[in-house]
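Trainee: I'm new to this one. Could you walk me through it and tell me what backs up each label?

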Amino acid sequence: MGCVHGKCCSRYPPSSTSDSRDYRERGRYGGRHIISERLLECVGVPSHNFKLEYSVLSQRGYYPDSPDKENQDSFIIRTQIQGNPNVHFFGVFDGHGQFGAQCSNFVKERLIEVLSNDPTLLDDPVKAFNSAFLTTNSELHDSDIDDSMSGTTAITVLSIENTLFVANVGDSRAVIAVKEGNRIIADDLSYDQTPFRKDEYDRVKLCGARVLSVDQVEGLKDPDIQSWGDEETQGSDPPRLWVQNGMYPGTAFTRSVGDSTAEKIGVTADPEVSMVQLASNHMFFVVASDGVFEFLSSQTVVDMVASYPDPRDACAAIAGESYKLWLEHENRTDDITIIIVHIKDLSDSGANTTAILRTGRTGRGGTPDVSITTGSEVFHSAVMTVSKRS
């Protein structure tokens, strides 16, 4: 869900968590629209206690009116941050606007560089994350890229030993699978930042934003009604942010990197950071753009991943299902990017806790042997290992 000129915002009814359909069978009908060529790549990293086995797929959307439009999604996977075999990074960036692809790729490259060069990273990951986002946002503003009406969301996961730090701006998403008895439960590690959220609505209103749906702006609905239900039922015409006396920028998110015009009415690059200590009942986590979550619930995505022993197959199935649902509801699809990370051979060593830490303005205050993976239109599989300090 992006800017008013960029993405469709319809929502597909959430799938039932009791749905027992065979996703392995459903994932076969991606057809020629999914990926005609896929590159497979493996990376090994020395192991101590457990392994992270991951795959990633990024698929350009289908745009019949813009056949040459490039994939505005990008991703980055970097292992052994600061030369430390216990520190790894996964990120998905969903660009929007005329220069969305440039914004997405700029942020992909600069965010991890700033984060990697922060000497406080391991001592205070939350502070380092916040600083990296704000620095990258400032650098994008100062770059040659016109980000006045373009930008990118960012959903990122930093794995430090057996703890995940998840930093998010925008409406892409990270979710972790938790084994509870015979059930596998989807636990969101990020929360979409849109005007549907009261805290985000209140924040941007204080910054001077008008919050209205397109129908309200065009006079088809009463603009004084400041209630839009929820994203699942009202996603086809969501509340958006507008300047007081203009019909722009129309963003359906409340946080992003770039978007210098929207920044004046409250859109911020301050990330929300969550933290989870991994335990043996954590099976895998997923990091994906809203091209996936537009029509698939977190639980449905987790169910599909759990249906495939190989994360490469799960990536392909989820991309195929997302693509199919887009075309069932629209005449186009969004770009689709998904990273799946399996957590292997982890034994319990501490509490299983998750906490949301809001940072930034709204709440808080020569590297050897580094492996890096980035790109789009690439299918990547790797196994990397993680050790704990003794």
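**Confidence and overall make-up**

Mentor: pLDDT is the predictor's confidence in each residue, from 0 to 100. This is a predicted model, where local features need pLDDT of at least 70, side-chain atom pairs count only at pLDDT 80 or more, and totals for chains, interfaces and linings use all residues. Residues are numbered from 1 along each chain as its sequence is written, and side-chain values use heavy atoms, with hydrogens and water left out.

Trainee: Where does pLDDT stay under 50?

Mentor: Over residues 4–48, for which the model has 107 contacts beyond four places in sequence. A contact means heavy atoms within 4.5 Å. Residues 350–354 also stay under 50, with 13 such contacts.

Trainee: What does the secondary structure of the protein chain come to?

Mentor: It comes to 10 helices and 17 strands. Those are DSSP runs numbered from the N terminus: helices are H or I with at least four residues, strands are E with at least two.

Trainee: And what share of the residues is buried?

Mentor: Buried residues make up 58% of the 390 in the protein chain. Buried means under 20% relative accessible area, exposed means over 50%, and partly exposed is in between, using a 1.4 Å probe and protein chains only.

Trainee: Why is β4 called largely enclosed?

Mentor: Because 10 of the 10 residues of β4 are buried, the rest of the structure largely encloses it. Gly151, Thr153, Ile155, Val157 and Ser159 point one way, Thr152, Ala154, Thr156, Leu158 and Ile160 point the other way, and all are buried. In a regular strand the side chains alternate between the two faces of the sheet.

Trainee: How do you know that β3 and β4 pair?

Mentor: Two strands pair if DSSP finds at least two bridges between them. β3 and β4 are joined by 10 bridges and run antiparallel, so they qualify as a pair. In that pairing, Phe90 stands opposite Val157 in β4.

Trainee: What makes β11 a partner of β4 too?

Mentor: Strand β11 (residues 257–258) has 2 bridges to β4, in the antiparallel sense. The cut-off is at least two, so β11 counts as a partner. Gly151 stands opposite Gly258 in β11.

Trainee: How many bridges join β4 to β5?

Mentor: There are 7, and the strands run antiparallel. Leu158 stands opposite Phe165 in β5. The hairpin of β4 and β5 has 2 residues between the strands, and Glu161 takes a positive phi near 55° there.

**The cores**

Trainee: What makes a set of residues a nonpolar core?

Mentor: The set has to be buried Ala, Val, Leu, Ile, Met, Phe, Trp, Tyr and Cys residues joined through side-chain atoms within 4.5 Å. The largest one here has 28 residues, and Phe89, Leu115, Phe129, Phe133 and Leu158 touch the most other members. The elements giving two or more residues to this core are β3 (87–96), α2 (100–116), α3 (125–142), β4 (151–160) and β5 (163–169). The largest share, 7 residues, comes from α2. Apart from this core lies another, of 27 residues, among them Val302, Ala319, Trp326 and Ile336.

Trainee: What is Leu158 in contact with, leaving aside its neighbours within four places in sequence?

Mentor: Its contacts include Val87, Phe89, Leu121, Phe129 and Phe165.
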